[in-house]
Amino acid sequence: MLISYRMKNFNKNDIFILSSSCKLTKGAKRSILVDYLRNEIHVISNEYYDLILMLNRKHIVRVIKLIRKESIGYFLTFIDFMLKNDFGMIINDLNQFPEITTELNDENIILKDCIIEIDEKSFEEVKISETVNKIDKLLCDDLQIRFLSSVSFEFVDRILRIINNTDIFYVEIHCAIQRNVSQEEWFFLIEKYAMLSNIFIYDSGKNTTVEFIKNSSNNAPLQMGKIYYLKTKLESKNCGIIVQGNLMFNDVNMHYLLKKYNGCLYKKLTIDRNGNIKNCPYTKNKYGNINDVDLFGVIKSEKFQKLSFIKKDDIEVCKDCEFRYNCTDCRAFLSKKNNIYSKPLKCKYNPYTAIWK
């Protein structure tokens with residue numbers, strides 16, 4: 001059971017455990033402690049990182065015996081800091097607090113995310129319908145539609161009607177600013193199709209988010225979805241950029257995933273405008289055409305999965321970065337073009353100086 005904490009009066013059975021929501025990562029110059037429950041990050045020295053590992057799930061009195069006498073005061077103050085901030089707690093029975101598994105339990109998931117590029121100029125409804133059904137058979141939940149040319153309201157509705165006949169759970173639209181589709185028409189589509197929640201409109205001249213709130217006389221207002229207006233263009237130079245604002249500190253499962261797989265490409269698929277199968281819109285490798293090959297066989301092939309299994313600890317510079325498990329990775333734009341294990345070209349951080357450009 002939990003027991004009270006007394007600064008200088010530890011019981012021989014007192015054990016310190018790090019909170020299950022807190023994760024540590026050590027970098028070349030410094031370390032971080034991330035509290036995923038609170039979406040908080042705390043920068044700590046590498047010495048404190050080592051101290052937490054030495055202390056975690058150990059009897060405190062035994063650890064104290066390993067510390068120099070002149071450092072015990074600092075050690076006790078550190079424990080006090082960890083407890084007051086709920087980064088850890090004192091227990092006396094480890095059996096009641098088993099370590100949480102880090103397994104992802106997604107072995108049965110073939111495909112998590114899919115991007116389909118659509119150009120109305122070369123659109124064939126039969127082929128798009130067949131593509132969507134193939135994606136659906138692989139039990140893919142999340143689908144991103146990228147419109148590469150100007151579209152009409154009727155055309156977007158036509159595409160969504162095809163997707164609506166599947167079990168795909170979530171759909172988002174990415175497109176350049178559409179003069180032929182009004183904001184009210186986007187809202188209409190969000191309300192009409194339950195799987196559509198977010199629309200990203202690029203080259204709009206502004207960075208702003210508009211929420212679609214549905215009011216009701218009998219219920220509280222309900223948020224149906226959002227439209228994100230972005231200044232940037234929907235093109236390669238604006239993809240793969242790693243800056244402070246893109247780091248994630250609210251999903252502990254992503255922390256686990258990034259220790260084992262590539263955060264951007266794991267169980268992800270792109271079908272380009274010509275039907276070519278790729279890892280992402282901006283990688284060069286093509287693995288056949290959706291109209292001619294067995295999609296399941298392609299996804300399970302070693303060639304297709306190669307990039308998906310490049311994890312942060314495999315990548316030059318990234319493996320020394322304290323943010324590596326909070327940062328999705330780009331294998332399309334590399335600092336060394338012929339080295340798939342080189343640092344992302346558009347990363348703005350130097351872990352050896354701890355400075356962002």
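Me: What should I know about the numbering and the model before I start?
Reply: Residues are numbered from 1 along each chain as its sequence is written, and side-chain values use heavy atoms, with hydrogens and water left out. The model is predicted, so local features need pLDDT of at least 70, side-chain atom pairs count only at pLDDT 80 or more, and totals for chains, interfaces and linings use all residues.

Me: How many helices and strands are in the protein chain?
Reply: The chain has nine helices and 16 strands. These are DSSP runs, numbered from the N terminus: helices are H or I with at least four residues, strands are E with at least two.

Me: What does the chain span along its principal axes?
Reply: The C-alpha trace spans about 75 × 60 × 40 Å.

Me: And how much of it is buried?
Reply: Of the 357 residues, 45% count as buried. Buried means under 20% relative accessible area, exposed over 50%, and partly exposed in between, with a 1.4 Å probe and protein chains only.

Me: Now the open sheet. What is the strand order?
Reply: Eight strands run S11-S12-S10-S9-S8-S7-S13-S14, with mixed pairing. Two strands pair if DSSP finds at least two bridges between them.

Me: Which strands stand at the edges?
Reply: Strand S11 (208-214) and strand S14 (277-278) do. Each has a single partner strand, so one side of each is left without a neighbour in the sheet.

Me: How does S11 pair with S12, parallel or antiparallel?
Reply: Antiparallel, over seven bridges, with S12 covering residues 222-229. Ile 213 has Gln 223 of S12 as its bridge partner.

Me: Which helix packs on the sheet?
Reply: Helix H5 (residues 153-163) does, touching strand S7 (113-118), strand S8 (142-147), strand S9 (170-176) and strand S10 (196-202). Its direction makes about 160 degrees with that of S8. Helix H6 (residues 183-192) lies across S9, S10, S11 and S12, at about 135 degrees to S12. Axes are lines fitted to C-alpha atoms, for helices over the stretch in contact, and angles run from 0 to 180 degrees between N-to-C directions.

Me: Is H5 mostly covered or uncovered?
Reply: Mostly covered: eight of its eleven residues are buried. Among them are Phe 153, Asp 157 and Leu 160. The cover includes S7, helix H4 (125-137), S8, S9, H6 and S10.

Me: Back to S7. Why is it largely enclosed?
Reply: Five of the six residues of S7 are buried, so the rest of the structure largely encloses it. S7 and S8 run parallel and are joined by six bridges. Ile 115 has Gln 144 of S8 as its bridge partner.

Me: Change of topic. How many cavities are there?
Reply: A search of the whole structure finds two of 30 Å³ or more. On a 1 Å grid over the protein atoms alone, a cavity is a set of points where a 1.4 Å probe fits but cannot get out; a pocket is an open set with protein on both sides within 12 Å along at least five of seven lines; lining residues have an atom within 4 Å of a point. Points are joined across faces, edges and corners, and a volume is the space filled by probe spheres set on the points.

Me: What lines the largest cavity?
Reply: It is lined by 14 residues, with Cys 318, Cys 321, Cys 327, Cys 347 and Tyr 349 nearest its centre. The cavity holds about 110 Å³ of space.

Me: And the second largest cavity, what is its volume?
Reply: About 30 Å³. Its lining residues include His 42, Phe 78 and Met 82. H3 gives the most to that lining, with three residues.

Me: What about the second largest pocket?
Reply: Its volume is about 560 Å³. It has 22 lining residues, and Leu 18, Cys 22, Lys 23, Asn 56 and Glu 99 lie nearest its centre. S2 gives the largest share of the lining, three residues.

Me: Last one: is Ile 90 buried or exposed?
Reply: Buried, at 5% relative accessibility. Ile 90 is found in strand S6.

Notes. Contact = heavy atoms within 4.5 Å.
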